[in-house]
Amino acid sequence: MNKLKMHSPDLTQANIDKLAELFPNCVVEAADANGVIKRSIDFDQLRQELSSAVVDGPQERFQLSWPGKREALLTANAPIAKTLRPCRGESVDFDSTNNLFIEGDNLDALKLLQETYLNKVKLIYIDPPYNTGNDFIYEDDFAEDAASYFLRSNQQDESGNKLIANGESNGRFHSDWLNMIYPRIKLARNLLRDDGVLFVSIGDDEQASLKKMCDELFGIQNFLACIVRKTKLTSNKGAQFSPSHEYILAYSKDILHANEFNDANAQKSEKYLALFKHSDTRGKYNEVSLYMPALKGDRPSRYFIDCPDGSKVIPPGNRFWRWSETTFFRNKSENRVIFKKTTTSPLVDESGKQAIWNIYTKIYLHERLEAGLRPGTFIMDWPNSLASKEFIKMGIPFPYAKPWQLIKHLIEISENENDGIVLDFFSGSGTTAHAVMQLNAEDGGSRRFILVQMPEVCEAGSEAHKGGYKNIAEIGMERIRKVGSQLKTSADLTSKSFDAGFRVLKVDSSNMKEVFYTPDAVNQDQLAGMVNNIREDRTAEDLLFQVLLDWGVDLALPIAKETIEGKTVYFVDGNALAACFDEGVSEEFVKLLAKREPLRAVFRDSGYATDSVKINVEQLFKLMSPSTDIKTI
């Protein structure tokens, strides 16, 4: 009988089988023997992906490099012996919700989610630290403020005097941030569906580095846009300029499978509808000049057009028409062309003099609505002050957050359905959950959220600390509770099946004792104390969730608890998985469970009443439920 491995997947080995799909960063630009730049495979990088140790690569290439990059790659690939422990007390609708709130380091959480949610997430939005010098620094297992790091790394003395000039611009400052974000985005990419999309909010400090890094991890062909977002209406901060914007980098998992992005809300706005101020038998339309003023060189769409007075007109210089000649005559025959006399025509006649005619095309509203409207790359709506006002209304002290309307907008323009998984592993105050629930309430969707937040301690004396919150994760959970409760009675609610709950899971050490992973380290005189390989402080439900992780079963599936022959049995999603971790499992119990024909069954290795029961379990299931996959822990 096979045993569950009870640790996160070893991505190094998994990557060997999926090289082309998983490693776009191995495709680089390199010079051949003749100095010609060609696309090629970075074999040093490939060796690093497939290695369990740091590999040196001396060849010069067009790529983003920084101290610690190979260690960051190694960190991403290394397995961990941790688990997610359920916390019913902090959850809402634990047994029925499809949403997850994971408390713990997001690097650990992303590793633990690799098998369960591989290729299943529709959209990822993250708002990581911007590395401004004021935010904390992740170092995989702890957080540290910049001042502490400067002191520990001999960049400042105890009085705060800098020992190295301009700490914010030296290589250490940027390298540490890249070493933090690189493995997390690399792991996150694995979770995206083929039509999935990543959005990352970022400021000026690391935008350039982040763009190059994501080009490498996703492949530059999957870059969608760099959205510029106005964050403040007015500001007079800053040394030379007053910063009032930030960026959102957008990437698709695979551009060949990406959805058509559509800003349906923009098409409903009064400003957009006001453009279509004319009408005919086909409906409302907007007049758009057929002349294109941009310089594009010679094109097939440069030709003379006959005007109503017999004159001929053409765009000047090397400019061109919006349509090809064939398209023009087809649209003219359909009454979609308008000739207007004007003294400011941009066109010229046959002699090269300014024409007296301009030509317009009819753009019909109903056709534009059917075709959709591409979202713009400049967002002026929803400044950060909106979020501040929301927190004041909810009575939650949180100084910095994104408006939920922004995240809702990103979800809406990216999806072609309303039931995908949305992941945010820098969830902060829970803005992404707010956006998902609000959107589900409005359109009856069944989108799910997975949030990950480190329990970053609220500073003593801060408003959050005074309000009774110990850490940021608690603030996020409280916000989701309040928003869910409000939406259940809101006029926006359109579906009785609205999910306002979330299942809290916390990253912790493995449920298994060290002997499970390092049996060779146990001496013979220690064997008597090692009969039970499970930690004493772990519950049966703790074990169940580690089994779900190991088997790649959705962590939000409904769980039912039954008693069979005096033993507690957990049934996940009906018969998808049956788990019993009690002691004294007998053949009679196994027969009753086998009659239920579960897809999977799991027991404790030390839970059988006798050795004969342990030997006969597989035979009993083969006889009564041959399709059941059986494992032990």
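User: Helices here are DSSP runs of type H or I with at least four residues, and strands are DSSP runs of type E with at least two, both numbered from the N terminus. With that in mind, how many helices and strands are there in the protein?

Analyst: The model is a predicted one, and the protein has 633 residues, of which 50% are buried. Among its contacts with a separation of 6 or more, 69% are between residues 24 or more positions apart. The count of elements in the protein is 21 helices and 29 strands.

User: Between which two elements does the loop with Leu-275 lie?

Analyst: Leaving out residues up to four places away in sequence, Leu-275 touches Tyr-285 and Asn-286. Leu-275 is also 8.6 Å from Glu-287, C-alpha to C-alpha, although the two are twelve residues apart in sequence. The loop that holds Leu-275 runs between helix 10 (270–273) and strand 12 (278–280).

User: Why does Leu-275 count as partly exposed?

Analyst: The class called partly exposed lies between the buried class, under 20% relative accessible area, and the exposed class, over 50%. Leu-275 therefore counts as partly exposed, because its relative accessibility is 42%.

User: Which residues in the largest nonpolar core touch the most other members?

Analyst: In soluble globular proteins, nonpolar side chains tend to be buried together. The largest nonpolar core of this model has 70 residues, and those that touch the most other members are Ile-185, Met-213, Leu-555 and Leu-577.

User: How many of the twelve residues of helix 8 are buried?

Analyst: Helix 8 covers residues 207–218 and reaches 16 Å from its first C-alpha to its last, close to the 16 Å expected at 1.5 Å a residue. Its buried residues include Leu-210, Met-213, Cys-214, Leu-217 and Phe-218, and Ile-185 touches these five residues. Helix 8 is mostly covered, and the number of its residues that are buried is ten.

User: What is the bridge partner of Ile-126 in strand 9?

Analyst: Strands of a sheet pair through backbone hydrogen bonds, either parallel or antiparallel. Strand 6 (residues 121–126) and strand 9 run parallel and are joined by five bridges. In strand 9, the residue that partners Ile-126 is Val-200.

User: Which residue of strand 11 stands opposite Leu-198?

Analyst: Strand 9 (residues 192–202) is mostly covered, with ten of its eleven residues buried. Strand 9 pairs with strand 11 in the antiparallel sense, over six bridges. In strand 11, the residue opposite Leu-198 is Tyr-251.

User: How far away from Asp-263 is the nearest side chain of opposite charge?

Analyst: Asp-263 is placed in the loop between strand 11 (245–252) and helix 9 (264–268). Leaving aside neighbours within four places in sequence, its contacts are Leu-373, Pro-375, His-409 and Ile-413. A salt bridge requires a nitrogen and a carboxyl oxygen within 4 Å, and the buried Asp-263 has none, since the nearest side chain of opposite charge, Lys-268, lies at a distance of 8.8 Å.

User: What is the value that phi of Asp-573 is near?

Analyst: Most residues other than glycine have a negative phi. Asp-573 lies in the loop between strand 26 (567–572) and strand 27 (577–580), and it is partly exposed, with a relative accessible area of 39%. Its phi is positive, near 50 degrees.

Terms used. Residues are numbered from 1 along each chain as its sequence is written. This is a predicted model: local features need pLDDT of at least 70, side-chain atom pairs count only at pLDDT 80 or more; totals for chains, interfaces and linings use all residues. Side-chain values use heavy atoms; hydrogens and water are left out. The expected span of a helix is 1.5 Å times one less than its number of residues. Buried means under 20% relative accessible area, exposed over 50%, partly exposed in between (1.4 Å probe, protein chains only). A nonpolar core is a set of buried Ala, Val, Leu, Ile, Met, Phe, Trp, Tyr and Cys residues joined through side-chain atoms within 4.5 Å. Contact means heavy atoms within 4.5 Å. Lys and Arg count as positive and Asp and Glu as negative; His and the chain ends are not counted. Two strands pair if DSSP finds at least two bridges between them.
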